[in-house]
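User: I am new to this structure and would like to go through it step by step. Please show it, and then I will ask about its parts.

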Amino acid sequence: MLKIENLQARIEDKEILKGLNIEVKAGEVHAIMGPNGAGKSTMASVIAGKEEYEVTGGSIELNGEDISELAPEERAHAGVFLSFQYPVEIPGVTVTNFIKSSINESRKAQGLEELPAKDLLKKIREKSELLEIDRKFLSRSLNEGFSGGEKKRNEIFQMAMLEPKLAILDETDSGLDIDALRIVANGVNKLKSKDNAVIVITHYQRLLDYIVPDFVHVLHDGKIVKSGTKELALELEEKGYDWIKEELNA
Amino acid sequence: MSKYTEDDLKKELETQEYEYGFYTDIESETFPIGLNEDVIRAISKKKNEPEWMTEWRLDAFRIWEQMEEPEWANVRYEKPDFQAISYYSAPKKADPNKTLDDVDPELLEMYKKLGISVDEQKKLQGVAVDIVVDSVSVATTFKKTLAEKGIIFMPISEAIQEHPELVKKYMGTVVPKTDNFYAALNSAVFTDGSFCYIPKGVKCPMELSTYFRINEGGTGQFERTLLIADESSYVSYLEGCTAPARDENQLHAAVVELIALDDAEIKYSTVQNWFPGDKEGSGGVYNFVTKRGICETNAKISWTQVETGSAVTWKYPSCILKGNNSVGEFYSIAVTNNYQQADTGTKMIHIGKNTKSTIISKGISAGKSQNSYRGLVQINSRAANARNFSQCDSLLMGDQCGAHTFPYIEAKNSTAQVEHEATTSKIGEDQLFYCNQRGIDTEKAIALIVNGFSKDVLNKLPMEFAVEAQKLLEISLEGSVG
């Protein structure tokens, strides 16, 4: 599904990713953990194609195709979805209207007709039930005045609507209380299939109790320095990151 | 597919000419340039006007001569040389008595390019159109349907002949000749425009619509619109403008007067798309407009405008809330791009008791443009329980444009309630990236964000206009973020 080799990226003059390697297969869930400033969010932004970041080396392949030169919307059309750590507000544009534009732009890129309103509404109904979203929520302006939990739930709702091949959840657990966390995690679990893959970026082990990863990677100083299974996350929770840094320096 | 960058987009748009920038070659009869009493007499004669009208014009001209062009607006431009303008230009072959078949085919072709249809389709859509090309109306449709209800809708030049009592009674009562420099000039030299009268208790069954258009190079356009809604009547009036591209600046100084008698309601909607000048800021229309309405008891006037065109805009559609319980509303979207400058807003003058006004202004600035909101809310001493709510929002694109807000509030009655809210925001890289990430390209994303920003005002427009306005917003802002 996703194959990143020796990825290097910087913002202005600051090197952030310094030779990152990762391979994610269809049907897998990978967790990326690491201390603040390790480059976790940068990794997510670079995969999604944020233009502030300059890719200075390496490759990003999605299903065998190099996507590192594509515009962000083209990557989205190819099936990349990023759940934002800080979703932006768009006043006056309802959640429904936004998701409609989003779906239809992707369909247009694939040479498909716009999704008929009837089908769109049906899909919205299904997915909002899945994520326990109040329908009134859908006619509010996108993220405007949303609580932290609502914003994250809205991200996962969009993910459910768009059915991406690769979903990257950037700190989706931050700002969530335990109930919201459970709802969001359940949503992600229900959307998981053998044909898609999920990368979960998180600070804490907590989310991984709900979304159980197949692999856990530690990102430090722009590189993946340790990979393992779920147990690694527990170890990190217990011991922090310092022992890894020491291991590296040894 | 290789990456399509914003630079590519910019380049593509730079070469894209103003969509309506064509010029139709019609043989015109044009007065020599310059303005003096003889020219005014000649205009009046050309129009077969009665003497009172000629005198009215001359009086306005003498007032205008004593006036100075105002400089307080937040706009900079080279002042027009009023002696270098021709004050009368009529398409030669126009004759209001002819049927559509007789109309110059080139004119009809021009309407087609503009997407204006002057045929039965309009009736099906419930729109009667009084089209003004340059200064003379060439086609008036559905006069008959309207006449059955006693509604008068005709070029003002005809109204002067056919309904002198109404014109005499109301013209200049809302915007007096002495009001301001451009209004005085218009009063002296106006050549055409629309006249509308809705009789007592009549609800106008269709949206009345006028398209104005400047065609002849170097001619000014001085439209005069007078709309009277008699007691308990209702009318919705649409005004839309497009103008072909010209190199020299063109002057447009219109006057619109609305009179809403007791319990009447007037809804006046404008989509203004005069040529804004090119991307270097050369050319474009100077739009200096005086629009004002007066509300008698329980009457309501609602102005809705979408201003995307003109190089310089100076325009404040206003309401005099004279009668008790009268209501004034102003909903505005003003878009400026490249080197456009707009100074626009409204005046709400509360005179009667329990009068209410609402102002919603949305300014969108892009490129190197300057966009100002200027509004006055005046509560007179006898206007007990007057209420006003104002909201002025500005949206900026890029870092070379400006948004300014000049709200004036004068409250002389302690029971008044005046609220003012203002916001300024910027279309951010983060917003665009968020949309991009969801598969929406930058151009679409801007359209989406701008439409969301403008929604409160777009919702106030009649359906068919809302669609047109939405399209205009997109066209006006293409390539504005880079």
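Analyst: This is a predicted model. One place to start is a pair of facing residues in chain B: Asn371(B) stands opposite Ala403(B) in S22(B).

User: How many bridges join S20(B) to strand S22 of chain B, and in which sense do they run, parallel or antiparallel?

Analyst: Strand S22 covers residues 402-411 of chain B. The strands S20(B) and S22(B) run parallel. The number of bridges that join them is 10.

User: Is Arg374(B) buried or exposed?

Analyst: Arg374(B) lies in strand S20 of chain B, a strand that is mostly covered, with 8 of its 10 residues buried. Leaving aside neighbours within four places in sequence, Arg374(B) is in contact with Tyr316(B), Asp343(B), Gly345(B) and Phe406(B). A residue needs 20 or more other C-beta atoms within 10 Å to be buried. Arg374(B) has 23 such neighbours, so it counts as buried.

User: How many other C-beta atoms lie within 10 Å of Trp314(B)?

Analyst: Trp314(B) is placed in strand S15 (residues 312-315) of chain B. Beyond four places in sequence, its contacts are Ala73(B), Val75(B), Asn287(B), Phe288(B) and Asp343(B). Trp314(B) is buried, and the count of other C-beta atoms within 10 Å is 25.

User: How far apart in space are Trp314(B) and Asp430(B)?

Analyst: In sequence, Trp314(B) and Asp430(B) are 116 residues apart. In space, C-alpha to C-alpha, the distance between Trp314(B) and Asp430(B) is 34 Å.

User: What percentage of the residues in chain B is buried?

Analyst: The secondary structure of chain B comes to 12 helices and 23 strands. Among contacts in chain B with a separation of 6 or more, 84% are between residues 24 or more positions apart. Of the 482 residues in chain B, the buried share is 55%.

User: Which elements of chain B give two or more residues to the side that touches chain A?

Analyst: The contact between the chains takes 24 residues from chain A and 19 residues from chain B. The residues on the chain B side divide into 8 nonpolar, 5 polar and 6 charged. The elements of chain B that give two or more residues to this side are helix H10 (429-437) and helix H11 (442-458).

User: How are H5(A) and H6(A) oriented to each other?

Analyst: The axes of helix H5 (residues 148-162) and helix H6 (residues 178-191) of chain A come within 10 Å and cross at roughly 10°. Their contact includes Ile156(A) and Met159(A) of H5(A), and Ile183(A) and Val184(A) of H6(A). By class, this contact has 8 nonpolar, 2 polar and 2 charged residues. Angles under 35 degrees count as roughly parallel, and H5(A) and H6(A) are therefore roughly parallel.

User: Which strands stand at the edges of the antiparallel sheet of 4 strands in chain A?

Analyst: The sheet is open, with the order S2-S1-S4-S5. Strand S1 (residues 2-11) is joined to S2(A) by 8 bridges, and Leu2(A) has Val24(A) as its bridge partner in S2(A). Each edge strand has a single partner strand, so one side of each is left without a neighbour in the sheet; these strands are S2 (14-24) and S5 (65-66) of chain A.

User: Which are the edge strands of the mixed sheet of 6 strands in chain A?

Analyst: This open sheet has the order S6-S9-S10-S3-S11-S12, and its neighbouring strands are turned by 20° against each other on average, direction ignored. S6(A) runs parallel to strand S9 (residues 166-170) of chain A and is joined to it by 4 bridges, with Val80(A) opposite Leu166(A). The edge strands, each pairing on one side only, are S6 (80-83) and S12 (223-228) of chain A.

Technical notes
Residues numbered from 1 in each chain as written. Chains lettered and ligands numbered in written order. Predicted model: local features only at pLDDT ≥ 70, side-chain atom pairs only at ≥ 80, totals over all residues. Contact = placed C-beta atoms within 7 Å. Nonpolar A, V, L, I, M, F, W, Y, C, P; charged D, E, K, R; others polar. Axes fitted to C-alpha atoms, helices over the stretch in contact; angles between N-to-C directions. Parallel < 35°, antiparallel > 145°, perpendicular 65-115°, else oblique. Buried ≥ 20, exposed ≤ 12 C-beta atoms within 10 Å, placed from the backbone. Pairing = 2+ DSSP bridges.
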